[in-house]
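Here is a short briefing on one protein chain. Look at the sequence and the structure first, then work through the points by topic.

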Amino acid sequence: GFQAKFLVFPLFGALAVLATYYIGRRFASPTAGLVGAWLFATSPTLLFMIVSPMSDAPVSGLWGAAFLLALGSGAWRAIGAGVLMAFVLLIRPNLAPLGALVGVLYLMRLRARETRLAAFRDAALFGLFAAAGAVTLAMTNQYLYGSPTASGYGRLDVPFSANTAYVNTIPAD
């Protein structure tokens with residue numbers, strides 16, 4: 001019901017903080033993970049986002065968890081990262097480049113000769129499940145707005161056209 005949003009957003013914020021800890025621990029040390037998680041947990045931005053029903057906290061938690069899963073190897077981790085990325089794309093389609101960034105992690109593993117087949121499998125699984133979010137979004141937009149690239153914000157070609165570009169000109173002296 002209505003009260004659920006006051007529980008969901010703090011839970012996604014907690015997921016983002018936990019993902020920050022484990023990513024920091026993986027790249028540096030448990031102390032680095034703890035410091036990163038503490039700084040993130042006490043940041044005014046995160047604190048504001050977990051008490052306001054906005055999509056930033058859920059996207060942060062899901063993206064952090066997807067990135068953390070993508071750091072590991074194995075089919076189940078790749079599927080999990082792809083599913084989480086699909087949800088990220090459904091919530092905030094403009095974050096598709098971040099999904100591509102996670103996909104690059106998998107492609108970088110193709111360089112190691114002994115794990116090339118497993119890396120290719122993981123990349124394909126991630127891509128397949130992440131693409132499910134993009135396809136679902138396109139089908140939803142087609143149903144609601146008449147085009148897979150349309151959204152509730154109107155046509156994309158208008159705000160991004162050359163006619164709407166603002167050029168700051170400074171008069172010559």
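Asn141 is buried, with a relative accessible area of 10%. Buried means under 20% relative accessible area, exposed means over 50%, and partly exposed lies in between (1.4 Å probe, protein chains only). Asn141 is found in helix 7. The model is predicted: local features need pLDDT of at least 70, side-chain atom pairs count only at pLDDT 80 or more, and totals for chains, interfaces and linings use all residues. Residues are numbered from 1 along each chain as its sequence is written, and side-chain values use heavy atoms, with hydrogens and water left out.

**The chain as a whole**

- The protein chain has seven helices and zero strands. Helices (H or I, at least four residues) and strands (E, at least two) are DSSP runs, numbered from the N terminus.
- From the N terminus on, the order of elements reads α-α-α-α-α-α-α.
- The protein chain has 173 residues, and 31% of them count as buried.
- Take the contacts in the protein chain with a separation of 6 or more: 62% of them join residues 24 or more positions apart. Contact means heavy atoms within 4.5 Å.

- What does Asn141 touch, not counting residues up to four places away in sequence? The list is Gly146, Ser147, Pro148, Ala150 and Ser151.
- Leu15 sits in helix 1 (residues 5–27). Its relative accessible area is 30%, so Leu15 is partly exposed.
- Leu15 and Gly64 are 49 residues apart in sequence, yet 7.9 Å apart in space, C-alpha to C-alpha.
- Not counting residues up to four places away in sequence, Leu15 touches Gly61, Leu62 and Ala65.
- Arg77 belongs to helix 5. Arg77 is partly exposed because its relative accessible area is 37%.
- The C-alpha atoms of Arg77 and Ala66 are separated by 8.8 Å, and the two residues are eleven residues apart along the chain.
- Leave aside the neighbours of Arg77 within four places in sequence: Arg77 is then in contact with Leu68, Leu69, Gly72 and Tyr106.

**Aromatic pairs**

- A pair of aromatic rings is described by the distance of the centres and the angle of the planes.
- How many aromatic pairs does a search of the whole structure find? It finds four. Rings of Phe, Tyr and Trp (its six-membered ring) pair if their centres lie within 6.5 Å; planes under 30 degrees apart count as stacked, over 60 as edge-to-face and the rest as tilted.
- One of these pairs is Tyr21 with Tyr22, at 5.0 Å centre to centre and 70° between the planes, which is edge-to-face.
- Tyr21 has 18% relative accessibility, so Tyr21 counts as buried. Tyr22 has a relative accessible area of 36%, so Tyr22 is partly exposed.
- Trp63 and Phe67 form a stacked pair, with 5.4 Å centre to centre and 10° between the planes.
- Both residues of that pair, Trp63 and Phe67, are buried.
- Trp63 and Phe67 both lie in helix 4 (residues 56–71), four residues apart, about one turn of the helix.

**Helix 5 against helix 7**

- The axes of helix 5 (residues 75–91) and helix 7 (residues 116–145) come within 7 Å and cross at roughly 20°. Axes are lines fitted to C-alpha atoms, for helices over the stretch in contact, and angles run from 0 to 180 degrees between N-to-C directions.
- Helix 5 and helix 7 are therefore roughly parallel. Angles under 35 degrees count as roughly parallel, over 145 as roughly antiparallel, 65 to 115 as roughly perpendicular and the rest as oblique.
- Their crossing, helix 5 with helix 7, is right-handed. A crossing is right-handed if the near helix is turned clockwise from the far one by less than a right angle, and left-handed if anticlockwise.
- The contact includes Ala75, Ala78 and Ile79 of helix 5, and Arg121, Asp122 and Leu125 of helix 7.
- By class, this contact of helix 5 with helix 7 has 15 nonpolar, three polar and two charged residues. Ala, Val, Leu, Ile, Met, Phe, Trp, Tyr, Cys and Pro count as nonpolar, Asp, Glu, Lys and Arg as charged, and the others, Gly among them, as polar.

**Helix 6 against helix 7**

- Helix 6 (residues 96–108) packs with helix 7 at an angle of about 165°, and their axes are 8 Å apart.
- That makes helix 6 roughly antiparallel to helix 7.
- The crossing of helix 6 and helix 7 is left-handed.
- Helix 6 contributes Gly99, Val102, Gly103, Tyr106 and Leu107 to the contact, and helix 7 contributes Ala119, Asp122, Ala123 and Phe126.
- In the contact of helix 6 with helix 7, six residues are nonpolar, two polar and one charged.
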